[in-house]
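Visitor: I am new to this structure. Could you show me how to read a few of its features?

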Amino acid sequence: MLRPAPAVLVVVLLAACGGTPTPPAPTKVEQSTHPVDQQPIARDPHNPFRRPDRDPPPPRSEPQIPAAELDAALAAAAAARTAGDDAEVARVLFPCANKIPKSTRCEGELAMALAKSPGRKAEVQYFLDHAIADDDPAADADFYARLADTLLRQSMQQQAAVALQRRLARLPEPSAADYARLSEVLQGVPQREVEAAELLKQAFERDPTKLQYLRDAGMLLSQVQGRGAEALVLLERYRDAIRGIQPEEMDSIERRIAQVRSQLEPAPTTAPATAPAQGRRANRGTPD
């Protein structure tokens with residue numbers, strides 16, 4: 001006797017049950033077995049493992065290393081920096097960084113070295129903030145010049161201006177370029193245009209051959225409310241100095257002078273409206 005094929009048995013069973021089987025209900029979203037996105041776990045401040053790209057160092061608490069060791073570390077870091085070995089600079093400076101009391105030079109030099117390595121954004125930001133917070137009398141003009149360059153690369157314009165001001169104060173005889181450099185940085189800081197212009201005027205006094213200092217000072221002051229008259233004097237002085245020497249600039253400077261002069265002129269006063277005439281001719285419809 002032949003046995004029915006499996007397919008035939010399925011058909012027979014379905015017919016006996018009176019129809020097709022009901023498919024299982026679809027799985028609800030809330031019952032899904034897919035993993036749910038986990039929220040990041042808050043960092044434990046006591047965890048010794050940090051990510052220097054987003055975790056700053058822990059709050060300073062350890063004592064500073066002895067003065068002799070600190071001086072030796074700074075000297076070794078200077079030698080490594082001269083040799084171009086930033087990794088060695090960081091290695092010798094970590095023991096004196098983030099200690100009590102703070103060493104501005106240690107943390108500043110460390111920040112400048114770490115800033116050249118990717119993946120240390122939070123760490124670099126932390127040490128730069130602490131390095132510029134205090135004016136270290138033992139730090140020389142070169143230190144603050146290099147610190148300013150690093151701050152600018154980190155888009156810390158206002159802090160870079162502070163570093164350059166400290167550098168300028170340490171120079172026995174600042175040059176015109178020194179004043180112009182600080183002015184250039186201050187021009188990127190809101191509400192510091194007047195200071196930037198004054199620095200350019202000092203730069204011009206030290207090097208009268210650089211007529212662009214005179215022009216730029218006038219341009220800056222012409223943008224500041226209430227300083228138009230002073231700006232006009234500088235711009236006219238610049239125009240007279242370049243007459244016959246730089247004819248290609250005469251048209252643009254004349255236009256700017258005209259704009260500043262027009263802003264200084266008082267606004268025309270409007271005559272008061274004439275009152276309507278009184279008497280018999282004022283109201284023609286009035287009976288005599």
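Visitor: Let us begin with disulfides: how many does the structure hold?

Guide: A disulfide is a covalent bond between the sulfur atoms of two cysteines. Here the term is used for a pair of cysteine sulfur atoms within 2.5 Å. This structure holds one: Cys-96 and Cys-106, with their sulfur atoms 2.1 Å apart. The pair links distant parts of the chain, ten residues apart, with Cys-96 in the loop between α3 (86-93) and α4 (104-114) and Cys-106 in helix α4. Helices are DSSP runs (H or I, at least four residues), numbered from the N terminus. The link of Cys-96 and Cys-106 is right-handed, with 90° about the S-S bond.

Visitor: Before we go on, what kind of model is this?

Guide: It is a predicted model, where local features need pLDDT of at least 70 and side-chain atom pairs count only at pLDDT 80 or more, while totals for chains, interfaces and linings use all residues. Residues are numbered from 1 along each chain as its sequence is written, and side-chain values use heavy atoms, leaving out hydrogens and water.

Visitor: Are Cys-96 and Cys-106 buried or exposed?

Guide: Buried means under 20% relative accessible area, exposed over 50%, and partly exposed in between (1.4 Å probe, protein chains only). Both Cys-96 and Cys-106 are buried.

Visitor: How many aromatic pairs does the structure hold?

Guide: Rings of Phe, Tyr and Trp (its six-membered ring) pair if their centres lie within 6.5 Å; planes under 30 degrees apart count as stacked, over 60 as edge-to-face and the rest as tilted. The structure holds two such pairs. In one, the rings of Tyr-126 and Phe-127 have centres 5.2 Å apart and planes at 80°, so the pair is edge-to-face. In the other, Phe-143 and Tyr-144 have ring centres 5.1 Å apart and planes at 85°, so this pair is edge-to-face too. Tyr-126 and Phe-127 are both buried. Phe-143 is buried at a relative accessible area of 3%, and Tyr-144 is buried at 0%.

Visitor: And how do I read two helices such as α5 and α7?

Guide: Two packed helices are described by the angle between their axes and the distance between the axes. Axes are lines fitted to C-alpha atoms, for helices over the stretch in contact, and angles run from 0 to 180 degrees between N-to-C directions. The axes of α5 (residues 121-133) and α7 (residues 157-170) come within 10 Å and cross at roughly 40°. That makes α5 oblique to α7 (under 35 degrees is roughly parallel, over 145 roughly antiparallel, 65 to 115 roughly perpendicular and the rest oblique).
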